[in-house]
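Subject: Structure handover

Hello,

Here is the structure I said I would pass on. My notes on what was found in it follow below.

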Number of protein chains: 2
Amino acid sequence: MPLKNAISGRLLARLESSYWTSCVQHTRNSCRLPRPMNLGGTRRYSHHVGNNPKPSRSWASLASRSAIVVGIAAGSLQLLSEDSNDKPYSKVKKAKVKTFRLAEVKQHNGSSKNPWVIRGTSVYDITDWVRAHPGGEVILTAAGGSLEPYWDIFTIHKRADVYEILEQYKIGEIDDVDLKDGRVPQDAIVDPFKYDPERDERLVTLTPCPRNAETPEVGLREFITPNELFYVRNHFWVPTVDGPEHKIIVELPDGSERTYNVKELKERFQRHKVTTTLQCAGNRRKSMTDGAGPTNGLQWKAGAISTAEWEGVKLVDVLADAGLDIENLPADAQHVHFSAMEAYGASIPIRKAIDPWGDVLLAFDMNGAELPRDHGYPVRVIVPGTVAARSVKWLSQITISEDESPTQWQQRDYKSFCPSDVKNPDWQKARSIQEMPVTSAFTRVEPIRDSKGEVESICAEGYAYSGGGREIIRVDVSVDEGRTWHEAELLDDEAQVSGSKAWCWKRWRYKGQVADDGKTVARAVLVVKATDEAYNTQPHTYDSIFNARGNLATAWDHAKVSLGR
Amino acid sequence: MPLKNAISGRLLARLESSYWTSCVQHTRNSCRLPRPMNLGGTRRYSHHVGNNPKPSRSWASLASRSAIVVGIAAGSLQLLSEDSNDKPYSKVKKAKVKTFRLAEVKQHNGSSKNPWVIRGTSVYDITDWVRAHPGGEVILTAAGGSLEPYWDIFTIHKRADVYEILEQYKIGEIDDVDLKDGRVPQDAIVDPFKYDPERDERLVTLTPCPRNAETPEVGLREFITPNELFYVRNHFWVPTVDGPEHKIIVELPDGSERTYNVKELKERFQRHKVTTTLQCAGNRRKSMTDGAGPTNGLQWKAGAISTAEWEGVKLVDVLADAGLDIENLPADAQHVHFSAMEAYGASIPIRKAIDPWGDVLLAFDMNGAELPRDHGYPVRVIVPGTVAARSVKWLSQITISEDESPTQWQQRDYKSFCPSDVKNPDWQKARSIQEMPVTSAFTRVEPIRDSKGEVESICAEGYAYSGGGREIIRVDVSVDEGRTWHEAELLDDEAQVSGSKAWCWKRWRYKGQVADDGKTVARAVLVVKATDEAYNTQPHTYDSIFNARGNLATAWDHAKVSLGR
């Protein structure tokens, strides 16, 4: 009989017009935590704990309560700490230094209305910090005890600015009687990244835990990216799971549920193939940083983009089977939330899900092979034309809702702003990134030399991509900083791949003179820009699209090439 | 019994992979000319002439054979004359000056394999020029006689460069015996613009015949543009027609036809309302000319855009009724051609036509009133999110085809190119403009003065729009040439108007300091740019999107304001 520990509506109320849907189903330990419940129209959330509950501070429960720790790794901390709307520096008066017993702190665990944590021998009441925490409620996992074991894994916290924030919430010290050798005794916790898969060494690693790695140049040269070179963007660890038995819950707005296991999904629904490019919202972030100033987040170069043929079943078919009336959608069916096994979650508009040409899949296979663990085994969502952050991996729950997903990744991380809103962006007002804008990049530039070793001409290659299924119709290259342009050759034909729209990048090649006047130069700066079928094109520089999150770094790409012998 | 004058496949063959579908149904004189025919799989075109055929040089027959005269007015002449692929300067050897009798010239009329024209007393064999003629086959109307009566109406021809082109084709002179007072006697022709409607004087007229006029500032301030201030873009004259009895022919790929009159369309199909902005591909062309060099075409400022609520029936409902299998489209159902009564024609991809959220209408009403004659009475197409050139007015025929419309307006006028392709654009390779890119413009800038008359702040207003139903999510204004940006207030809410997607512009307002440092300046230059829901934004300057046609002038808009007392 499940133990239901209702959590107060306090945090929930702060997530205006949305509700918590993140769900983790951890088949290894049979615990499912927490899922949204509709109780007489009042939304609240509960912890469903199975017959074999893990200790409350396990990674399963961490995931269950999560939003992101790695949100910090992705760099939103600075933004948040400067966001006056969020009042991270709350007006909690520092109490006169008091002492607390460990037993008392333990009562202020993740289920408490007033969660406390310990760092060193100090005690902090983080009640007012939880919402502003870039990692969201995952911080509650540490509540009732010491932060250090978690920070030893998510080492991004070991920074002066984080310590400083925490100090705002200090309420006292642990009583000396509970210390051993002057320290608070700590429970050992398991490294959740221990079971992450082996990776191809050619991937360009940005962070090992969680794994974030770019496709190397050799992978970007191919139209279809080999699975082992497909870029990896993990927000947490890679879940371990019994594939065929892994369950996916589909919850409709009326609260009704239908559960499928992967085997059943594969057998019962028609299979479809879709070839699509996936691109991280932060692709080319480094070029925005270089061009317009510091941005928070993984400093991707041009390799956070790859293309594969995915095979699976159509999301709309599963939703219809689960009882959603596709022809006459209920008014509160506006968004489809996807919750992952580890903790991640995001949503897409319902219209994308039911669009007959939307091609949204629950995918099992990637380029003819079973999904690699890094890419969502046993089942992930594929949302063509949309920022890859919505193509949720390790899918565990689908929820139809009136509102967008309340997760960090929907409400905060993947948005962009007016360039002036660096210090105080209005997260609620900004639109979640869904369809991607047009972009292009260089992947290789080679001088071509004559028999004397003089540079005769130049060969440049790259890719261009636009979201929403808008085909790339032209790529222009400049060798004079954008004063004149030359049309590049497009190498790929959308008509030759699976899918209802132009979901894929196009590779391009330019061969020509380095300087239009034919003069010999020691160094050339090439520029590229693309145009899609709606004749949208890229902004010139980063100044006009700068945002402190470094999202959608789509300004003209530049390639510098040395032409000396 | 209709007289069928089959025209040779000569011109047809030049229009690779497409065929002629322009049809005119002129109820006044009961002649219908010409429509596409499928004869045993061989495409050719014929003239259907009714019981009361007009003389071959009437406007009805002009329209019937047309493409554009006004294409020249729209300025593609220069491009074409320099297009080596088209070989307008064909290798016709200038024959020794010969003389011809008028009777012989008359035999070389529009139905001849070798059409000739007269200018002054000179005779020209225009066989090789017809295809390169910016106005297309309308030139054939003049074949067999003098050009002058036509050029007196389409006065754009009276230019040195036009005379020069014509001289390439001279083959001789009219025999003196046919001259009267040294001149070729000329038939009078009727001015086709004689029956054009009266217009509101506030419209900003660019050309009176055909009528092209911008919405004035007062009209751009409203979300819904009053009918009398809606911008007018006519390629020819305004047809006169008996509204309820006016017929629309629907032709399917198998050659089958279904004819509806307007009364029947109104009665038999469900009515729908859609509010949408329509924008000319040339809107703001003047700013491209000013910013990057000469462009061919009407030099529109920011007023070739307006918004209305349209009411009519869904195109897809009519197509289904006419027998098109929407669920299982035939492979050769790729494009929907729309032919107008006067001569104009264009096409859209079939997917836009059948998209359940595409909202393509055959509209009868505009803002609650019957369509004004200038806007397509009695029935026009409305293609939301798409360049207005596809929202064909005075609709007479719908043809489902494997290929795009072969008209000038589909194959040539409404395209854009790599900025370097000024002299020799590859028209066939370039993509027809359908969905529009994101844009924005100023419509009003007013300094706000304090009691002493000093400028205290500034109020700027304008609109922003994006194609494809992509909502405008942000408008940024700069008062320092784009170094820093301020978010403007968006005044309109898409949710409050009819339509499946965000088809409408949004008006915006910015109030703030003229200079960020608060200093008093005598003159300010404001800049505006918009972002749509796919986070596409506008290019900085015109250099990178320049095209000699001046289409899609979407660079940041600038407004200069004098701040002196």
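The side chains of B:Arg390 and B:Gln410 are joined by a polar contact of 2.9 Å. Please keep in mind throughout that this is a predicted model.

To place that residue: B:Arg390 sits in the loop that runs between strand 22 (380–382) and strand 23 (395–401) of chain B. B:Arg390 is buried but takes part in no salt bridge.

Next, the interface between the chains. Chain A brings 44 residues into contact with 44 residues of chain B. Between them the two chains bury about 3500 Å², and carbon and sulfur atoms account for 52% of that area. Of the area that chain A buries against chain B, 21% comes from A:Trp357, A:Arg431 and A:Tyr535, more than from any other three residues.

How many salt bridges does the rule find across the interface of chain A and chain B? There are four. One salt bridge is formed by the side chains of A:Glu471 and B:Arg431, with 3.3 Å from N to O. Polar contacts across the interface of chain A and chain B come to 18 residue pairs.

As for which parts of chain A face chain B, helix 12 (350–354), strand 26 (472–478), strand 27 (486–487) and strand 30 (523–532) each give at least two residues to the touching side. Strand 26 of chain A has the largest share, with three residues. Sorted by class, the side of chain A that touches chain B holds 18 nonpolar, nine polar and 17 charged residues.

A:Glu222 is found in the loop between helix 8 (217–220) and strand 13 (232–233). Is A:Glu222 buried, partly exposed or exposed? Its relative accessible area is 40%, so A:Glu222 counts as partly exposed. Apart from neighbours within four places in sequence, A:Glu222 is in contact with A:Trp505 and A:Arg507. The C-alpha atom of A:Glu222 is 8.8 Å from that of A:Thr307, although 85 residues separate them along the chain.

Regards

Definitions and conventions:
Residues are numbered from 1 along each chain as its sequence is written. Chains are lettered from A and ligands numbered from 1 in the order in which they are written. This is a predicted model: local features need pLDDT of at least 70, side-chain atom pairs count only at pLDDT 80 or more; totals for chains, interfaces and linings use all residues. Side-chain values use heavy atoms; hydrogens and water are left out. Contact means heavy atoms within 4.5 Å. Buried area is the accessible area (1.4 Å probe) that two parts lose on being put together, summed over both. A polar contact is a pair of N or O atoms within 3.5 Å; within protein, one must be able to donate a hydrogen and the other to accept it, and residues adjacent in sequence count only if both atoms are side-chain atoms. Helices (H or I, at least four residues) and strands (E, at least two) are DSSP runs, numbered from the N terminus. Ala, Val, Leu, Ile, Met, Phe, Trp, Tyr, Cys and Pro count as nonpolar, Asp, Glu, Lys and Arg as charged, and the others, Gly among them, as polar. Buried means under 20% relative accessible area, exposed over 50%, partly exposed in between (1.4 Å probe, protein chains only). Lys and Arg count as positive and Asp and Glu as negative; His and the chain ends are not counted.
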